[in-house]
Amino acid sequence: MIAEDLQPLSIVENEGFRNMVKLLDSRYQIPSRRALGRTIIPNIYSNVRNKVQTLLNDTSFIALTTDIWTSINTDSFITITAHFFPKGHSQLKTVVLCTKKLHHGHTGVYLAEIMTRELNSWGILDKITAIVTDSGANIKSAIRLMNIQHIPCTAHKLNLVVQQALYLSEDDSVGEESHELHDSGKIKLILKKCRVIVGFFKRSEVGNRILGEKQTQLGFTQLLKLKQDVRTRWNNTLIMLERLVKLKEPLTVTMISVKEAPSNLTPEEWVIIEDIVPLLRPFNSLTIELSAEQYPTISKVVPLLRGLQTSLNAKTPKTSLGSFIKSNLMLQVNRRFEGIEKQSLTPYFSRATLLDPRCKKAAFAVEENASDAEKNIILEIARSLTNNTLDAEREVPTEQIEEDSENLWNFLQNRVNNVQSQTTSTSSAISLMRQYLNMPYQNFNCNVAEWWLSHKSVLHPLSEIALKYTMIPATSVPSERIFSKTGQIMSARRNRLLPDNLDTLIFLHKNM
């Protein structure tokens, strides 16, 4: 119960809890806080860790996400989540490996040491395919030091696109007296007015009550409250603006009735907000789609980004400022995701896309990028086939090797075998890739992992390579979700928990 609901260990000492348990079953002896912390929870942790270890041992490839968080007590923690397909399963599995307190400055060297030590404790360092994080310089440096492929979090990049397109900086200062505000200043001024309006109704009991009454009078079946935008939370600006538009009529009537209310938006500003909302909605949909943990997401990034660009291009704002924001969003998307299809910086996005039977080459904007991804996958198939051949040759009986050593033609025979092996591996790889690409496209509801497992016998070893890329998350959201749970634990009632207790409870909460 404590792990499931993230309760403090002290709950067993609370009088109300003890009375409730006694009422349910007076024979049950509630364990002491000491017994929980020193015996019971450590034993459960050990059992669960063994189960997780078995899962990790039985898989060949693992992708990670990681993030750093600072608690209300200014303690810093790092969490690491692992993502993989358990042997013979098509359901993507997510486990938490650790949530550890950081005792030193967050340098790349220190973070690399922490992560390497943790991965070695699980015996999986050589299985890590990629690590997904935000774009912090220190964490990127750490992953480079570990010699592992870094994957930038797509959700973070989408959030930065919106922030920069709407000029959502910490500085809200805009000269309201100026008669010649630039477009960027106009955007900041409108959003500032929106925040002031929302802030007033969050603080005013009278205003909030009258707003509810006006909604009832206007026939609202469900009373809605205004939502404040929090810059650090993704898509919060959209949520704030959508709610303002929904409540436009009762809000306008209320603000006329309440003397202390701030200035309402002008008719022109309302039209601008109504222009902004449909421009931001595709970003929210894309972030939600790519933040899932239950199914593969990385292969969706390239096609959905193309869909995002198409959706933005089709929008027709009514105002010049709306058109300016549209152009700004498109510019930022193009700039931040310019190389997403290429093999230079982040090759795994395009390889995963090509190996998604729903996408293949059709998802690419540039055919050359699809061909480059195909060439790299063919090389990977050929290497795998060559390694399989070498492994088979190593299994030749000792007696046969001794007989062959007397053969003076061995030198030439070995050279010919080597050349033929390389040629055969490359041609086989090309043939295998062509066979896959010629298969019919699958519908969008297709379970990608299940499809590859069902074609394992005919597409080996391409199926293993495909699953290696498919399992990588598109975002680092899994780690950030852990810290939303951590925040619950590190509340005022729970802040006496030791870091070890925190690590254990988060581990059990996610993995039990």
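Which residues of α14 are buried? They are Pro347, Tyr348, Phe349, Ser350, Arg351, Ala352, Thr353 and Leu354. Helix α14 spans residues 347–354 and is mostly covered, with eight of its eight residues buried. Buried here means under 20% relative accessible area, exposed means over 50%, and partly exposed lies in between (1.4 Å probe, protein chains only).

This is a predicted model, in which local features need pLDDT of at least 70 and side-chain atom pairs count only at pLDDT 80 or more, while totals for chains, interfaces and linings use all residues. Residues are numbered from 1 along each chain as its sequence is written, and side-chain values use heavy atoms, with hydrogens and water left out.

**The chain as a whole**

The protein chain has 22 helices and five strands; helices (H or I, at least four residues) and strands (E, at least two) are DSSP runs, numbered from the N terminus. Of its 512 residues, 47% count as buried. The accessible surface of the protein chain comes to about 26600 Å², and carbon and sulfur atoms hold 51% of that; the areas come from the Shrake-Rupley method with a 1.4 Å probe, and for residues only the protein chains shown count as cover. Taking contacts (heavy atoms within 4.5 Å) between residues at least 6 apart in sequence, 68% join residues at least 24 apart.

**A helix pair**

Helix α11 (residues 267–290) and helix α13 (residues 320–336) have axes that come within 9 Å and cross at roughly 20 degrees. That makes α11 roughly parallel to α13, a label for angles under 35 degrees. Axes are lines fitted to C-alpha atoms, for helices over the stretch in contact, and angles run from 0 to 180 degrees between N-to-C directions. From α11, the contact uses Ile272, Asp275, Ile276, Leu279, Leu280 and Phe283, while α13 brings Leu321, Gly322, Ile325, Lys326, Leu329 and Val333.

**Backbone points to check**

Most residues other than glycine have a negative phi, and most peptide bonds are trans.

The peptide bond from His460 to Pro461 is cis, with omega near 5 degrees. Pro461 sits in the loop between α19 (456–459) and α20 (462–470).

Technical notes
Parallel < 35°, antiparallel > 145°, perpendicular 65-115°, else oblique.
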